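Subject: Structure handover

Hello,

Here is the structure we talked about, with notes on what was found in it. Please read the notes with the model open.

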Amino acid sequence: MTPRFIAAVGDVFVDRPEPGAALGGIAPLLEACDVTFANFEGVVTDRHAPVPGASDASIVPAAQAAPLRVFDVMSLANNHALDAGHGGLADTIEALESAVVGAGPTLADASRPVVVEGVAFVAAAAVFPMGTEVQAGAPGIAPLRVEEYYAAPFPGMYLPG
């Protein structure tokens, strides 16, 4: 069996004056790996504004997404994936050249693993605004539900204790 070099990073965001600088320091390392994975903590769209309660801080124009091409697999299972609504999520999935896990038009799509170089990737979120999880007839993120036995400190958020 041939060894595989896998790089996995946490939250990635590229909204800055020089988007390439977001990953500039580690891009050579990522490019040298066989498989790369990240959680994209935002929305890529030129057409959709923030939904009520969301900030435009997590929304980037498509022109700034180029640095994300270094990733083979991108998770969208996070609390910002629907900051620009269902249309913003669809735009993000379309804009990313990476395989996407953790979000989609149906629960089956959002939960489906992606296999790259013999490595399977899945993603789900346990902390997310209510209503952003995939529902019947509505796209969203793959939810990871946890039973809670305390009062959550942030009303309106699923937040396991």
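Val 119 touches Ile 6 and Val 114, leaving out residues up to four places away in sequence. Val 119 belongs to strand E9. Its C-alpha is 9.0 Å from that of Arg 4, although Val 119 and Arg 4 are 115 residues apart in sequence. Please keep in mind that this is a predicted model.

Glu 117 sits in the loop between E8 and E9, and its phi is near 55°, a positive value in a residue other than glycine. Glu 117 has a relative accessibility of 44%, so it counts as partly exposed.

In general, nonpolar side chains in soluble globular proteins tend to be buried together. The largest nonpolar core here has 35 residues, and Leu 68, Phe 71 and Leu 76 touch the most other members. Two or more residues each come from strands E1 (6-12), E2, E5 (73-75), E6 (99-101), E8 (114-116) and E9 (119-121). E2 gives the most, with four residues.

Apart from neighbours within four places in sequence, its contacts are Asn 39, Phe 40, Ala 81, Leu 89, Thr 92, Ile 93, Leu 96, Val 100, Val 101, Gly 102, Ala 103 and Ile 141.

Two of those contacts, Leu 89 and Thr 92, are also among the buried residues of helix H2. That helix spans residues 85-95, and its buried residues are Gly 85, Gly 88, Leu 89, Asp 91 and Thr 92. They lie on the same side of H2, because they cover an arc of only 165° around the axis. As a reminder, an α-helix has 3.6 residues a turn, so residues three or four places apart point the same way. The cover over the buried residues of H2 includes strands E2 (35-40), E3 (43-44), E7 (103-104) and E11.

Helix H3 covers residues 107-111, with Asp 109 in it. Asp 109 is in contact with Ala 103 and Gly 104, again leaving aside neighbours within four places. Its relative accessible area is 25%, which means that Asp 109 is partly exposed. Asp 109 and Ala 49 are 60 residues apart in sequence, and their C-alpha atoms are 25 Å apart.

Two loop positions follow. Ala 65 is in the loop between strand E4 (59-60) and E5. At 8% relative accessibility, Ala 65 falls under the 20% limit and so counts as buried. Val 146 is in the loop between strand E11 (140-141) and strand E12 (157-158). Val 146 is partly exposed, at 44% relative accessible area. Between Val 146 and Leu 159, 13 residues apart in sequence, the C-alpha distance is 8.4 Å.

Last, the largest pocket. How much space lies in it? The figure is about 240 Å³. Its lining has 15 residues, and Val 51, Pro 52, Ala 54, Asp 83 and Pro 129 lie nearest its centre. By class, the lining has six nonpolar, eight polar and one charged residues.

Regards

Conventions
Residues numbered from 1 in each chain as written. Predicted model: local features only at pLDDT ≥ 70, side-chain atom pairs only at ≥ 80, totals over all residues. Heavy atoms only, no water. Buried < 20%, exposed > 50% of the residue type's maximum accessible area, 1.4 Å probe, protein only. Arc of directions from axis to C-beta. Contact = heavy atoms within 4.5 Å. 1 Å grid on protein atoms, 1.4 Å probe; cavity = no way out; pocket = protein on both sides within 12 Å on 5 of 7 lines; lining within 4 Å. Points joined across faces, edges and corners; volume = space filled by probe spheres on them. Nonpolar A, V, L, I, M, F, W, Y, C, P; charged D, E, K, R; others polar. Core = buried A, V, L, I, M, F, W, Y, C linked by side-chain atoms within 4.5 Å.
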